[in-house]
Amino acid sequence: MFQVTTPQSSQDWQDYYQLRWQVLRAPWQQPRGSEQDDLEQDSEHRFIRNREGEVLGVARLHFNNHNQAQVRYMAVSEHARNQHIGSRLLHELEMIAWTQSAQELVLFARERALPFYQRHGYTVVEKAHLAYGDIQHFKMVKNRPSEPGWFLHPDWTQVLQNTWREAIPISDAMGIKVESYTDWLFSTQADFNANINVHGSMFAGSIYSLATLTGWGATYLTLKELELDGDIVLADANIKYLKPLKSSPRASVVLADCIGQLEVLQLGERAVYQVPVNVYDNDVKVAEFIGQFVVLPLKTSV
C-alpha cells in the first residue's frame with residue numbers, strides 16, 4: 001500500500017510541484033510558478049509516490065487562524081484515479097488539523113469534486129469564486145468530529161462500537177475501540193495496560209481477540225456498504241505472531257484485500273468472507289491474522 005509522506009529532498013519538491021502544476025494549472029495555460037503562493041513555507045505538505053518513484057497525488061494544509069485550517073492544492077495524477085489517493089491525502093491532512101486543535105476545515109472545491117468531498121463529510125456553504133472564467137468553485141466546511149479518528153460513516157462505527165460493548169463484554173474490558181474507517185482501511189486500537197502478561201507484553205490471546213473483532217468489524221461495515229444484513233460468525237482463522245507487542249496495540253484491514261461474494265445473501269445463501277488483519281505495535285507489524293467469516297442470511301418470519 002502506498003505511503004503518504006512529506007517532501008524532503010530537492011527532487012521531492014520538484015516532483016511535488018510538477019504534479020500540482022500539471023493537474024491544477026497547465027490545462028488552463030497557466031505558467032510554472034502559478035501553482036505556488038506565499039504560504040508555502042508555513043504549510044504542511046503531503047504526497048504519495050508509487051514504487052517506481054512517480055508522484056501520484058499531492059495536497060497541502062495551512063492554518064487561517066487558531067481554529068480554522070484550510071485544505072488546498074489537492075491533485076491526483078490522471079492515471080492514478082480510483083485508487084483512494086485523494087482520500088488518503090485528505091485523511092492525513094485532517095489528522096494534522098485535528099491534532100493541532102483545529103475546530104473546522106475549509107476548502108474551495110471545483111464543482112466536479114463536490115461529491116468526493118461530500119462523501120468525506122464536507123458541506124457546501126456557498127458558491128465561491130470563478131477561476132479562469134469558467135471553473136466554478138464552492139466553499140465547503142467540515143467541523144471537528146466529536147470523537148478522535150476519521151470516520152467515513154460515524155453512525156455505523158458508533159453502532160459497531162456499541163454492539164461490541166453490549167454483546168462482547170470482553171472487548172470493553174480490553175479497551176478495544178474503532179480507530180478509523182475510511183474507504184480503503186478499517187482500524188482499531190486496544191488498551192495495552194489492560195492486556196499485559198507477566199513478560200510485560202500483550203497476551204497472545206488478546207492479540208487474537210483484537211484481530212478477530214477487527215475482522216468482524218470490517219465484515220460488518222462491508223455489509224453496510226452493500227446494504228446487506230446477516231449474522232457474522234468466525235468459522236476459521238490462522239494467526240502468525242511476529243514480535244512481542246509492548247506498547248500500543250493497533251489492528252487494521254485493507255478493505256480491498258478482503259475476498260468473498262457477500263451478495264449471495266440476497267439469494268438466501270450463506271456467504272464466506274476472508275479478511276486479512278495486521279496487528280501493530282505503533283507502526284511495527286507484530287502479527288498477521290487471516291479470518292474466515294461466515295455470514296448467515298437473517299431468517300424472515302412468515
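I began with V286, which I found in strand 14, residues 284-296, bearing in mind that the model is predicted. With a relative accessible area of 1%, V286 falls under the 20% cut-off and is therefore buried. Leaving out residues up to four places away in sequence, I listed what V286 touches: K240, Y241, L242, K243, P244 and L245, together with V279, Y280 and D281.

I then looked from V286 to I96, and noted that the two are 190 residues apart in sequence and 26 Å apart in space, C-alpha to C-alpha. I96 is among the buried residues of helix 2, as are R88, H91, E94 and W98. Because 12 of the 15 residues of helix 2 are buried, I recorded this helix as largely enclosed by the rest of the structure. I also checked the length of helix 2 (residues 85-99): at 1.5 Å a residue it should span 21 Å, and its end C-alpha atoms are 21 Å apart, which agrees. Just after helix 2, I noted a positive phi of about 70 degrees at S101.

Next I traced the open sheet, in which 7 strands follow the order 1-2-3-4-5-7-6 with mixed pairing. Strand 1 (4-5) and strand 6 (123-131) stand at the edges with a single partner strand each, so one side of each has no neighbour in the sheet. Strand 2 (residues 44-49) and strand 3 (residues 55-63) run antiparallel and are joined by 6 bridges, and I found R49 opposite V55 of strand 3.

Last, I compared the helices packed on this sheet: the direction of helix 1 (residues 10-24) makes about 90 degrees with that of strand 3, whereas for helix 2 the angle with strand 3 is about 25 degrees.

Definitions and conventions: Residues numbered from 1 in each chain as written. Predicted model: local features only at pLDDT ≥ 70, side-chain atom pairs only at ≥ 80, totals over all residues. Heavy atoms only, no water. Helix = DSSP H or I, 4+ residues; strand = E, 2+ residues; numbered from the N terminus. Expected span 1.5 Å × (residues − 1). Buried < 20%, exposed > 50% of the residue type's maximum accessible area, 1.4 Å probe, protein only. Contact = heavy atoms within 4.5 Å. Pairing = 2+ DSSP bridges. Axes fitted to C-alpha atoms, helices over the stretch in contact; angles between N-to-C directions.
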